[in-house]
Amino acid sequence: MPGAGPIWRSVRGQAVLLVVGVGVLFGTGITALTAGSNSVEQLAHAATEARAQADAADDLLLALEEAESSERGYLLTGASSHLEPYRRAVNDVGPLLAKLDRFAAGTPWLQVEAAELHDAVRAKLDRLTHTIEVARTQGRDAAMPMTMA
């Protein structure tokens, strides 16, 4: 994403790692299930669970993209109506992270990745919030360079 700083890459990277980890677990589960049992119901459940995990990670990335896009729209236009998607995204992030935490439960290395993802998401949202506040208090010209950092 042009102009995105290291935090954004970190959030995206952490989400990708979480999805990859879930995929590895899914693959391991499929291998174990097919080796020990050919239960179609178990395979279907594992596939459904993996899809739900990937969907949660996708939803988190979408919420962060909407927050960033909304922040930029506000900075460009000064119209506070552009902040509504930002507000929605900020409200959505907590439950999405909690959902990913539930998927990572019981898998120590995924729990570590989820914790790092929490930190990266919080840093991203803090930066967006700070940029919006600078735009409100000091003007859009003061805030614009912050989007390039």
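Ser 80 is partly exposed, with a relative accessible area of 48%, where partly exposed lies between buried (under 20%) and exposed (over 50%), for a 1.4 Å probe and protein chains only. The model is predicted, so that local features need pLDDT of at least 70 and side-chain atom pairs count only at pLDDT 80 or more, while totals for chains, interfaces and linings use all residues. Residues are numbered from 1 along each chain as its sequence is written, and side-chain values use heavy atoms, without hydrogens and water.

Ser 80 lies in the loop between helix 2 and helix 3, helices being DSSP runs (H or I) of at least four residues, numbered from the N terminus. Leaving aside neighbours within four places in sequence, Ser 80 is in contact (heavy atoms within 4.5 Å) with Tyr 74 and Arg 87.

| Pair or element | Value |
|---|---|
| Ser 80 and Arg 136, C-alpha to C-alpha | 9.7 Å |
| Helix 2 and helix 4, between axes | 10 Å |
| Helix 2, between end C-alpha atoms | 54 Å |

Helix 2 (residues 40-77) and helix 4 (residues 108-138) pack at an angle of about 15°, taken between N-to-C directions on a scale from 0 to 180 degrees, with axes fitted to C-alpha atoms over the stretch in contact. That makes helix 2 roughly parallel to helix 4, a term for angles under 35 degrees. Their contact includes Tyr 74 of helix 2 and Arg 136 of helix 4, and its residues divide into eleven nonpolar, one polar and six charged. Helix 2 is followed by Gly 78, whose phi is positive, near 80°.

Key. Helices (H or I, at least four residues) and strands (E, at least two) are DSSP runs, numbered from the N terminus. Angles under 35 degrees count as roughly parallel, over 145 as roughly antiparallel, 65 to 115 as roughly perpendicular and the rest as oblique. Ala, Val, Leu, Ile, Met, Phe, Trp, Tyr, Cys and Pro count as nonpolar, Asp, Glu, Lys and Arg as charged, and the others, Gly among them, as polar. The expected span of a helix is 1.5 Å times one less than its number of residues.
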